[in-house]
Amino acid sequence: MIYDLHWGPELYKVYASLPLSARREFAAALIDVQSVPMAHTQPYGHDDGTIRTLETGSVLAVLLISHTTLTVVPVQISCLE
């Protein structure tokens, strides 16, 4: 199953403000997350299977994953560069 990716407009602005290389790296990682979320993310604190982190070399993101609606929602993005 492929999970749908949903962006809030404010968080998309954060993504758009990242350096080009960080955006590309993060976008590629999100594609992997959409196919198998649990394999491409790490627990955020206690592993509840819902709130997960995605770290690339340039970006750290917190994602909300719904296995019921098959959605991935970025809720926080931080540039590590």
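**Hairpin.** I started at the β4/β5 hairpin, where four residues sit between the two strands. L70 in that turn has a positive phi of about 55°. This is a predicted model, so I'm reading computed values throughout. I then looked up the pairing: β4 (residues 59-66) and β5 run antiparallel, with eight bridges between them. I65 stands opposite V72 in β5.

**Other partner of β5.** I checked β1 (residues 4-5) next and found it parallel to β5, joined by two bridges. Here D4 faces T71 of β5.

Still on β5 (residues 71-79), I picked out V75. Is V75 buried or partly exposed? Its relative accessible area is 48%, so I noted V75 as partly exposed. V75 also belongs to a nonpolar surface patch of about 340 Å², together with Y44, I51 and L64.

**Aromatics.** I searched the whole structure for aromatic pairs and got five. One of them is W7 with F26: centres 6.4 Å apart, planes at 80°, therefore edge-to-face. That pair links distant parts of the chain, since W7 lies in the loop between β1 and α1 (9-17) and F26 in helix α2 (residues 20-35), 19 residues apart. W7 is partly exposed at 27% relative accessible area, whereas F26 is buried at 0%.

F26 also pairs with Y15, and I logged this pair as tilted, with 6.2 Å centre to centre and 45° between the planes. Y15 is in helix α1, eleven residues from F26 in helix α2. At 13% relative accessibility, Y15 counts as buried. Which residues make up the aromatic cluster? I have W7, Y12, Y15 and F26 down as one cluster.

How values were computed: Residues are numbered from 1 along each chain as its sequence is written. This is a predicted model: local features need pLDDT of at least 70, side-chain atom pairs count only at pLDDT 80 or more; totals for chains, interfaces and linings use all residues. Side-chain values use heavy atoms; hydrogens and water are left out. Patches are made of residues with over 30% relative accessible area and no salt bridge: like charges are joined within 9 Å, nonpolar side chains (Val, Leu, Ile, Met, Phe, Trp, Tyr) within 5 Å. Accessible areas come from the Shrake-Rupley method with a 1.4 Å probe; for residues, only the protein chains shown count as cover. A salt bridge is a side-chain nitrogen of Lys or Arg within 4 Å of a carboxyl oxygen of Asp or Glu. Buried means under 20% relative accessible area, exposed over 50%, partly exposed in between (1.4 Å probe, protein chains only). Two strands pair if DSSP finds at least two bridges between them. Rings of Phe, Tyr and Trp (its six-membered ring) pair if their centres lie within 6.5 Å; planes under 30 degrees apart count as stacked, over 60 as edge-to-face and the rest as tilted.
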